[in-house]
Amino acid sequence: MRKNLLLIVWLVLIMLTICTALVSNSTLVTKVAVTFILVLAAIKFILVANFFMEMKKAHSFWKFSIIFYLIIVMGTLLFILK
Amino acid sequence: MDTSTINSKNIAYPPGGILLWIIIFLELFTFGAALVAMALYSNDEPEIFHQSKLLLNTTFGAINTIFLLTSGFFMAKSVENFKENKIEKATFFLKLTMVGGVLFLLLKSVEYYFKLQAGLTIGYNTFFSFYWMLTLFHVIHVVVGLVILLFNYVGFKRKSTLNLEDFEASAAFWHMCDLIWLLLFPVIYLLF
């Protein structure tokens with residue numbers, strides 16, 4: 001399982017990308033779709049940082065910095081976009 | 001090759017090195033600020049932003065996302081094999097990483113060609129000013145990343161003294177290109 005962890009993360013990332021494409025093409029209410037797309041992007045960001053960049057093994061300061069950054073940027077975008 | 005491991009739990013030694021991570025956060029905040037600025041401008045011209053977004057090829061954007069994610073996967077596999085002192089496998093995965101980057105640039109070139117053919121240049125409107133500035137700035141990072149990876153690849157082939165710290169730093173820079181694209185694609189191509 002550990003050996004295939006990177007492969008599993010990659011498959012999840014691809015599925016999330018497909019989900020994002022499906023949501024953006026759907027007729028969901030705009031604000032809901034925007035929130036969903038940004039949340040999916042944040043999840044993908046965290047997966048790449050934690051597993052591909054191995055930040056899961058890093059000091060908590062760096063892990064929290066990544067989360068903090070996402071909250072600031074995604075939160076600001078959600079606040080601004082009508 | 002020095003494949004000795006580093007204690008990543010130490011705050012001063014995140015994977016890739018503290019200097020790289022300072023650079024990564026600076027880049028992320030720069031791109032983040034630009035995307036927020038784009039969102040702010042979109043409130044002044046929502047219809048223009050929406051119509052302009054429809055002129056983008058989201059399929060190309062999605063395929064490019066898959067190229068970069070797959071390239072990132074191969075980069076992680078390369079580092080994993082380097083740590084296990086499997087240099088040949090690390091070299092193979094590094095080659096695949098670079099192929100992913102080249103494919104991204106090729107598709108981006110095709111996309112740019114179509115935009116220019118349609119007259120959608122940087123001065124066309126505010127949306128496309130942001131589109132060109134952000135995506136070109138990202139492309140420059142991908143090109144620089146590829147050059148860094150090429151140096152690593154040549155080092156592997158010549159079996160020169162490459163240590164884990166340097167290789168992880170190169171990998172971190174490459175993953176940064178992926179992180180930036182994971183923000184650019186949804187905002188520019190999907191949200192307006």
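I started at Lys83(B), and at 24% relative accessibility Lys83(B) counts as partly exposed. A reminder to myself: this is a predicted model.

**Entry 1: the partners of Lys83(B)**

I looked up the salt bridges of this lysine. The side chain of Lys83(B) meets that of Glu54(A) in a salt bridge, at 2.7 Å from N to O. I also found Lys83(B) in a salt bridge with Glu168(B), at 3.3 Å from N to O. Is Glu168(B) buried or exposed? Glu168(B) counts as buried, because its relative accessibility is 9% and the cut-off for buried is under 20%. Lys83(B), at 24%, therefore comes out as partly exposed.

**Entry 2: Glu54(A)**

Next I went across to chain A. I placed Glu54(A) in the loop between α2 (30–52) and α3 (60–80) of chain A. With a relative accessible area of 15%, Glu54(A) is buried. I checked the backbone as well, and the phi of Glu54(A) is near 60°, a positive value in a residue other than glycine. I noted it because most residues other than glycine have a negative phi.

**Entry 3: other salt bridges in chain B**

I ran the search over the whole structure and got 6 salt bridges over all chains. One of them joins Glu80(B) and Lys77(B), at 3.0 Å from N to O. I see both residues in helix α3 of chain B, 3 residues apart, which is about one turn of the helix. Lys77(B) counts as buried, at 14% relative accessibility.

Another one joins Glu111(B) and Lys108(B), at 2.8 Å from N to O. Here too I have two residues of one helix: Glu111(B) and Lys108(B) lie in helix α4 of chain B, 3 residues apart, about one turn of the helix. Which of the two, Glu111(B) or Lys108(B), is buried? Both are. Then I traced shared partners, and salt bridges link Glu54(A), Lys57(A), Lys83(B) and Glu168(B) into one network.

**Entry 4: the interface**

I turned to the contact between the chains. How many residues does each chain put into the contact? I count 46 residues from chain B and 38 residues from chain A. The area buried between chain B and chain A is about 3,700 Å², and carbon and sulfur atoms give 78% of it.

How many salt bridges does the rule find across the interface of chain B and chain A? It finds 1 salt bridge, and the Lys83(B) to Glu54(A) pair meets in a salt bridge between these chains. I also list 6 residue pairs in polar contact across this interface, both residues of each pair at pLDDT 80 or more. On the side of chain B that touches chain A, α1 (18–42), α3 (58–83) and α6 (164–190) each supply at least two residues. I sorted the residues of that side into 29 nonpolar, 9 polar and 8 charged.

**Entry 5: chain B as a whole**

I stepped back to chain B. Its tally is 6 helices and 0 strands, and along the sequence I read the pattern α-α-α-α-α-α. The C-alpha trace of chain B spans about 55 × 35 × 20 Å along its principal axes. Of the 192 residues in chain B, 55% are buried. Among contacts in chain B with a separation of 6 or more, 80% come from residues 24 or more positions apart.

**Entry 6: around helix α4 of chain B**

Last, I followed the chain through α4. Is Asn85(B) buried or partly exposed? Asn85(B) is partly exposed, with a relative accessible area of 48%.

Helix α4 of chain B itself covers residues 87–117, which is 31 residues. I get 45 Å from its first C-alpha to its last, close to the 45 Å expected at 1.5 Å a residue. Just after α4(B), I find Gly119(B) with a positive phi of about 80°.

Conventions: Residues are numbered from 1 along each chain as its sequence is written. Chains are lettered from A and ligands numbered from 1 in the order in which they are written. This is a predicted model: local features need pLDDT of at least 70, side-chain atom pairs count only at pLDDT 80 or more; totals for chains, interfaces and linings use all residues. Side-chain values use heavy atoms; hydrogens and water are left out. Contact means heavy atoms within 4.5 Å. Buried area is the accessible area (1.4 Å probe) that two parts lose on being put together, summed over both. A salt bridge is a side-chain nitrogen of Lys or Arg within 4 Å of a carboxyl oxygen of Asp or Glu. A polar contact is a pair of N or O atoms within 3.5 Å; within protein, one must be able to donate a hydrogen and the other to accept it, and residues adjacent in sequence count only if both atoms are side-chain atoms. Helices (H or I, at least four residues) and strands (E, at least two) are DSSP runs, numbered from the N terminus. Ala, Val, Leu, Ile, Met, Phe, Trp, Tyr, Cys and Pro count as nonpolar, Asp, Glu, Lys and Arg as charged, and the others, Gly among them, as polar. The expected span of a helix is 1.5 Å times one less than its number of residues. Buried means under 20% relative accessible area, exposed over 50%, partly exposed in between (1.4 Å probe, protein chains only).
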